[in-house]
Structures are given as structure tokens and as C-alpha cells.
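Please have a look at the structure before I start.

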Amino acid sequence: MFCKDDCHPTDAQSAVCFMALYLIALGTGGIKPCVLSYGADQFDDADEGEKKQKSSFFNWFYFSINIGGLTAASVLVWIQMNVGWGWGFGIPALAMAIAVMSFFSGTRLYRNQKPAGSPLTRLCQVVVAALRKYQVRVPEDKSLLYEVADVESAIKGSQKLDHTKNLSFFDKAAVEVQSGQVKSSINPWRLCTVTQVEELKGIIRLLPIWATGIIFSAVYGQMSTLFVLQGQTMNAHMGNSGFQIPSASLSIFDTISVIFWVPIYDRLIVPYARKYTGKKNGLTQLQRIGIGLFISIFSMVAAAVLEVIRLRNVREHNYYERDHIPMSIFWQVPQYFIIGCAEVFTFIGQMEFFYEQAPDTMRSLCSALSLTTVALGNYLSTLLVTIVTKVSTRNGKLGWIPDKLSYGHIDYFFWLLAVLSVLNLIAFLAVANWYTYKTAVGEIRPLNEDFEKKDTL
């Protein structure tokens with residue numbers, strides 16, 4: 001019934017396969033940005049103990065993801081290759097079913113933030129209101145800008161935000177041009193509250209920080225592209241045994257690195273840094289991201305240096321036509337391990353930063369925004385490879401990344417990414433210095449008012 005050596009799937013089988021892949025992508029797109037925000041929402045910012053634990057939540061959330069990744073890349077791969085693909089796909093399907101049941105079993109315990117309407121509509125209202133009043137002058141006294149008099153914000157589930165000086169054009173949306181307006185008659189497409197204006201400002205301020213994550217994601221993406229190609233030219237045997245480790249499987253060391261560094265960061269680095277900075281999290285989120293961007297530079301340097309050494313061996317021993325040179329693939333471990341360390345600082349720092357700095361009612365939206373850097377980083381990597389290949393193959397040259405890497409220079413590409421990472425770090429430092437953290441005003445409402453607990457499914 002099942003072919004073993006030469007298998008040609010039917011159109012129906014191909015359609016089912018691709019439908020499964022798209023369903024995974026759809027489910028991932030729904031889960032990833034929401035589960036992070038929803039998990040962090042379970043902590044009460046009015047409780048100092050819970051507020052402190054929230055920072056650790058981001059660390060251990062990412063830790064658990066990598067535990068799952070380590071299991072998938074080791075145990076499940078072995079089952080797929082040695083037992084069968086039915087079991088290889090059946091086990092994660094069963095695990096997902098258990099996860100769904102576990103999630104719904106805790107429904108009565110969750111703190112659910114009340115819906116506040118469409119955030120995109122509120123953002124558009126500010127833009128439209130500001131454009132309608134583009135000739136209106138913003139008063140010097142910012143207390144004259146429109147805001148509800150209540151302690152609580154007019155936006156359900158959100159705290160009132162303090163006015164910030166930058167991006168002052170959008171303040172026009174909060175300028176009252178008519179006197180004697182009744183609250184009930186206010187048109188939100190013509191007049192917005194300061195809090196609503198600050199929501200838009202907050203999103204705009206996040207964009208430059210978001211953009212600096214694209215280069216980092218391009219570096220991260222090399223683990224599944226050029227690192228794999230580089231490893232395929234090296235000796236994949238483990239010692240003197242006949243077992244060969246696939247070059248793509250070396251990414252497991254990135255996962256191991258994350259699992260190694262998360263407890264160190266949470267239990268050692270944070271308490272130590274807290275003593276010197278006085279900050280509850282030890283480092284600010286932007287400081288954490290910056291350290292990760294700095295560390296990522298060395299992963300490209302390590303990959304480039306390794307390739308220089310590999311090419312020198314090729315030249316000295318004339319290994320050009322050999323598929324594998326006698327150089328252990330495990331020399332690649334440092335570059336994977338460094339990227340894993342950078343992940344713990346940058347990726348987790350980004351998750352916490354986009355959650356904390358997002359408007360209260362737009363946290364899932366901003367979490368989704370931060371995840372788009374991974375996709376854009378892969379697109380950027382593809383674009384760079386395309387440009388480099390086109391430029392370096394002029395006049396009949398083999399180029400930097402030929403089919404047979406021993407005739408090429410992928411070390412040049414790694415150096416290029418290292419330089420781009422340095423420039424990206426400089427840009428990040430400039431943007432981080434410009435960034436203004438959001439400031440909430442008024443008291444934080446108790447959880448029994450801000451949140452509702454569901455009693456039924």
C-alpha cells in the first residue's frame with residue numbers, strides 16, 4: 001500500500017499535505033501572539049509581587065517553547081526516521097489535543113480582560129481627526145487638550161496615558177475647536193482623548209525598535225540556510241562511529257543554548273544587575289535587546305572565521321572536489337550557541353518590551369507585530385543572497401555562494417551580515433536613546449473591575 005523507495009504522491013495527497021501545512025501556519029499565527037499576551041495578563045500589575053513575577057514569565061515562556069523544540073528535534077525526529085511517520089505526526093497531534101483540553105479546563109480560573117473594541121478603528125480616528133484639523137495650532141498648555149475628567153480612561157480596559165511631547169502633529173486630534181460641546185455629542189472622528197492619541201504615538205514609537213529586529217532575524221535565519229550548507233561540506237561523523245549527524249540537526253545546539261541561558265539570566269544575571277541598577281528587572285527591556293544584538297555579531301564572526309579556516313584546508317590539501325573535508329562539523333557548535341545566547345536577550349526582551357509598551361488594549365496586536373520580524377528577516381536574508389549572487393557572478397565568476405561551496409566565499413556573506421549587524425546595533429542605540437517610555441496616569445483599577453472571570457465554557 002505504501003511505497004518505500006520511489007513514491008509519487010497523487011494530486012489529492014499533495015493537496016492534503018499543503019492544507020495541513022497552511023493549517024499549521026494559521027494556527028501558529030493565532031496562538032503565538034495571543035498566548036503570550038494572555039499569559040502575561042494573568043499577572044496583576046497592582047500587586048508588586050505578581051508584577052515582579054511577570055518579568056520571569058517571559059523568560060520561562062520562551063524556555064518552555066525551546067523544551068518543546070528540543071523534544072521535536074530529537075525524540076520526534078528519531079521516531080519519524082526509525083518507527084514511522086504515522087507515529088511521528090500522531091504523537092504531536094495527541095499532545096496538541098491534550099494541550100487544548102488542558103487550556104479549556106482552566107477557563108474558570110483565568111483573568112479575562114474586557115474587550116475594548118477595535119484598536120485599528122481608534123488609531124484611524126486619531127489620524128483622521130488630526131488631518132481634519134491640520135491647520136489648528138496645538139496649545140502650549142497641554143492640559144487644554146481633551147481628556148475625560150474621570151480617573152479611568154474612556155477606553156474600556158485601558159489606563160489613561162500621560163501626554164508626551166514628540167509626534168506633536170497627532171495632538172491636533174485632541175484639540176477642541178468648538179466650545180460648549182456635550183460629551184454625548186462628541187464625534188470620535190473629529191475629537192479624540194489624549195489617551196487615544198498616545199495609543200497611536202506608542203505604536204509609532206515602537207516601529208523603529210521593531211525595524212532593528214529584522215537584521216537580527218536575518219542573522220537568526222542563517223541557522224536553517226547557510227549554516228546547514230556549510231555543515232554539509234564537513235565531517236558529520238560522531239567520533240569513530242558510523243553514525244552521522246545531519247547538518248540541519250545542529251540547530252539543536254541553539255535550543256540547548258537557550259535552555260542553558262534562560263535560568264542563568266533569570267536566576268543569576270537579573271538579581272546581580274538589580275543590585276547595581278536598582279531596577280526591578282535588573283536591566284531595562286531596551287538594554288536587554290541591545291546586549292542581544294551585540295552578542296549576535298559574534299555568531300557571524302564565528303561562522304566567518306570557521307569558513308576561512310575551512311577554505312584554507314581546502315586550498316592546502318586540494319579538497320575542492322571532495323563532498324566532505326576531514327574537519328568535524330562540531331566546529332559549528334559555537335556559532336549556534338552564540339545565537340542561542342543572543343536569543344535569550346533579544347527575542348525575549350522584544351516580547352516583554354512589545355507587551356509592556358503596547359497600549360493596554362493592543363498587546364496581542366503588538367505581540368503579533370514583533371513576530372513579523374522573523375518573517376521579514378528571512379525575506380531580507382533571501383534578498384541579500386539574491387543580490388550577492390547576482391553581483392558576485394558577473395563576468396562568469398562562480399560567486400560567493402556557488403553550488404560547490406569550496407569554490408566560493410560564504411565567509412564574505414557572513415562578514416557582510418556582521419557589518420550589517422554592527423550598523424543595526426548603532427541604529428538601535430540611536431533609536432533607543434530617542435525612545436520615550438509610556439507613562440500611565442491615575443490608579444490601576446483592581447482586577448475584579450478590569451478583568452472578568454468566566455464561570456462557564
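Because the model is predicted, local features need pLDDT of at least 70 and side-chain atom pairs count only at pLDDT 80 or more, while totals for chains, interfaces and linings use all residues. Residues are numbered from 1 along each chain as its sequence is written, and side-chain values use heavy atoms, leaving out hydrogens and water.

Of the 457 residues, 43% count as buried, meaning under 20% relative accessible area with a 1.4 Å probe and protein chains only. The C-alpha trace spans about 85 × 55 × 55 Å along its principal axes, and the protein has twelve helices and six strands, which are DSSP runs (helices H or I, at least four residues; strands E, at least two) numbered from the N terminus.

Let me now turn to α4. This helix, residues 119–132, reaches 20 Å from its first C-alpha to its last, close to the 20 Å expected at 1.5 Å a residue, the expected span being 1.5 Å times one less than the number of residues. Which residues of α4 are buried? They are P119, R122, L123, Q125, V126, A129 and A130. These cover an arc of only 155° around the axis, which puts them on the same side of α4, the arc being that of the directions from the helix axis to the C-beta atoms. What covers them includes α5 (194–220) and α10 (363–392), judged by contact, that is, heavy atoms within 4.5 Å.

Terms used:
Buried means under 20% relative accessible area, exposed over 50%, partly exposed in between (1.4 Å probe, protein chains only).
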